[in-house]
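The sequence and structure are shown first.

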Amino acid sequence: MRYEVIVIGAGMVGTSIAWHLQKHNSQVLLLDRKSPGSETSYGNAGLIQREAIHVHPFPRHFTELVRVLPNQNTDIRYRWPAVLRHHRALLQYWQFSAPSSVQKIEEEWETLIEHCTSEHQEMITAAGAENLIRRVGWIEMHRTEDKFKVAIAAAINMREQGIEHKVLSIDELKVLEPNGNFDGFIGAIHWSNSWQVSNPGALVKAYAKSFQEMQGSIAECNVKQILPDGDGWQVITDDATFYSDHLVVAAGPWSNQLIKPLGYDLPLFPMRGYHQHFDITPQNTINHSLVDMDKGFVMGPMQQGIRITTGAEMTLMNAAKDFGQLNAVLHFAKTILPLNNKVESEAWCGSRPCMPDMKPVIGAANKHDNLWFAFGHGHQGFTLGPITGRIVEELIHNKPLTVNVDPFNAQRFLIA
Ligand SMILES: Cc1cc2nc3c(=O)[nH]c(=O)nc-3n(C[C@H](O)[C@H](O)[C@H](O)COP(=O)(O)OP(=O)(O)OC[C@H]3O[C@@H](n4cnc5c(N)ncnc54)[C@H](O)[C@@H]3O)c2cc1C
């Protein structure tokens, strides 16, 4: 069967692309080996982060490097096989993390972030998914005076960009979260115009259902190969071959596997995170996602339970789970809230698709016509799926662009 567009990957990014294209009259097939929103877009912390105008640079300061190197921190850990495999990408990551580069990157990054809540809203309304959204912001909690002062100064500067916050004393935090024990913390910042999603996977599924209601097609199958086919594309899966005029690769951290055989070798690397749910009880109910900035983890109220999500582990995609970082985090989480009964016997893990310059790849492939890339959204792909969907629709339909996509093109990495 021939479609106008095939999108590979039904995470937040691919589903949003398929939705926008179908809404604007393309016949779209969305392909994934699992049901929509079952991988990284399922297990994240569920924050739609209007405040996320700062990227996550590689530690460059000597004291920060000394802190990270022993590999015992709760916020970031690394495994040597992944460091060796991705050493070139890491070197680029280090280079792009120079303060002068970061400033330019953040200016470009912000052109995406500024659309995040309005773009989600359009899809939330169409999908009837209001029940999953809580517009209560999230709370950044601090343990150290120096970092707290820096964070407050940065927050004040962010007001100009329309990002709202309130600095909270521990007493004020306790009013918002009466169940929390905040011994060891000195204060917090409440980011009030970011949103919290109570089941990230369910939001992707709601968007996918809305796509189907517009006559979009979904097929659950593993894509083995993509091949040019005249002016269009052939997508070979385990059981069938599909044809399309345009092909969009939005397969998150797996995207390179699909495009490498066509001669594209982008420095995409995974940053793993874990989560574990705990039963919600009257004693541990929380009203906001709480982020421990010094220990690097999130406690979020989800439909499944209180979800504890970890920071970053640089490890290979297929490496066995290593629960060291999660266990270290749980030690601190349990001092804040009583977390007694685990919901699932084994913690979830998934990988953020990261690029060395901390920006996603969005745009045309440079060696083939009608091939489009949309991956590498790193720590904020759940936030940025809908604006990415809009941009890819505008590109394919040759419309004026809401966002200048030049900073996000694939060519910036001198494809081999
Ligand atoms: C612990 C953690 C917390 C996070 N918290 C947040 C947060 O609060 N806010 C935020 O904005 N972001 C957050 N992120 C990042 C965010 O989750 C990701 O950036 C985002 O989910 C990436 O979406 P995606 O659609 O690109 O990838 P995915 O959701 O991984 O989707 C890719 C899809 O491609 C499919 N696929 C791959 N290869 C094939 C193939 N060969 N055939 C068929 N299908 C294929 C996969 O099955 C998958 O469904 C977090 C990430 C982690 C790990």
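## Domain arrangement

The C-alpha centres of domain 1 and domain 2 lie 29 Å apart. The contact between the two involves 17 residues of domain 1 and 19 residues of domain 2, contact meaning heavy atoms within 4.5 Å. Domain 1 comprises 2-42 + 201-268 + 357-413, and domain 2 comprises 65-99 + 133-195 + 270-354; such bounds come from an automatic or database domain assignment. The model is predicted: local features need pLDDT of at least 70 and side-chain atom pairs count only at pLDDT 80 or more, whereas totals for chains, interfaces and linings use all residues. Residues are numbered from 1 along each chain as its sequence is written, and side-chain values use heavy atoms, with hydrogens and water left out.

About 1500 Å² is buried between domain 1 and domain 2, with carbon and sulfur atoms giving 65% of that area. Buried area here is the accessible area (1.4 Å probe) that two parts lose on being put together, summed over both. Across this interface the rule finds 0 salt bridges, a salt bridge being a side-chain nitrogen of Lys or Arg within 4 Å of a carboxyl oxygen of Asp or Glu. The rule does find 4 residue pairs in polar contact across the interface, both residues being at pLDDT 80 or more. A polar contact is a pair of N or O atoms within 3.5 Å; within protein, one must be able to donate a hydrogen and the other to accept it, and residues adjacent in sequence count only if both atoms are side-chain atoms.

In soluble globular proteins, nonpolar side chains tend to be buried together. The largest nonpolar core in this model has 74 residues, and Val-7, Ile-17, Leu-203, Val-248, Met-314 and Ile-391 have the most contacts inside it. Helix H13 (residues 381-396) gives the most to this core, with 7 residues. At least three residues of the core come from each of domain 1 and domain 2. A second, separate core has 29 residues, among them Ile-6, Val-223, Phe-242 and Met-355.

A core is a set of buried Ala, Val, Leu, Ile, Met, Phe, Trp, Tyr and Cys residues joined through side-chain atoms within 4.5 Å. Buried means under 20% relative accessible area, exposed over 50%, and partly exposed in between (1.4 Å probe, protein chains only). Helices (H or I, at least four residues) and strands (E, at least two) are DSSP runs, numbered from the N terminus. Leaving aside neighbours within four places in sequence, Leu-203 is in contact with Met-12, His-120, Ile-124, Ala-129, Leu-132, Ile-133, Val-197 and Phe-382.

## Buried Glu-119

Glu-119 lies in helix H7 (residues 116-127) and counts as buried, at 6% relative accessibility. The side chains of Glu-119 and Arg-390 are joined by a polar contact of 2.7 Å. Residues up to four places away in sequence not being counted, Glu-119 touches His-20, Pro-386, Ile-387 and Arg-390.

## Positive phi in two loops

Asn-71 has phi near 65°, a positive value in a residue other than glycine. Its position is the loop between helix H3 (62-68) and strand S4 (76-78), and Asn-71 is buried, with a relative accessible area of 14%.

Met-358, also not a glycine, has a positive phi near 65°. Met-358 is found in the loop between strand S19 (348-354) and strand S20 (361-364); at 10% relative accessibility, Met-358 counts as buried.

## Salt bridges

A search of the whole structure finds 21 salt bridges. In one of them, Lys-104 pairs with Glu-108, the closest N and O atoms being 2.8 Å apart. Lys-104 and Glu-108 are 4 residues apart in helix H6 (residues 99-113), so about one helical turn separates them. Lys-104 is exposed, with a relative accessible area of 51%, whereas Glu-108 is buried at 12%. Lys-104 and Glu-108 also belong to a network of salt bridges that links them with Asp-357, Lys-359 and Arg-412.

Arg-135 and Glu-130 meet through their side chains in a salt bridge of 3.0 Å, N to O. Arg-135 is partly exposed, with a relative accessible area of 36%, and Glu-130 counts as partly exposed at 36% relative accessibility. Lys-166 forms a salt bridge with Glu-172, with the closest N and O atoms 3.6 Å apart. Lys-166 is partly exposed, with a relative accessible area of 44%, and Glu-172 counts as partly exposed at 35%.
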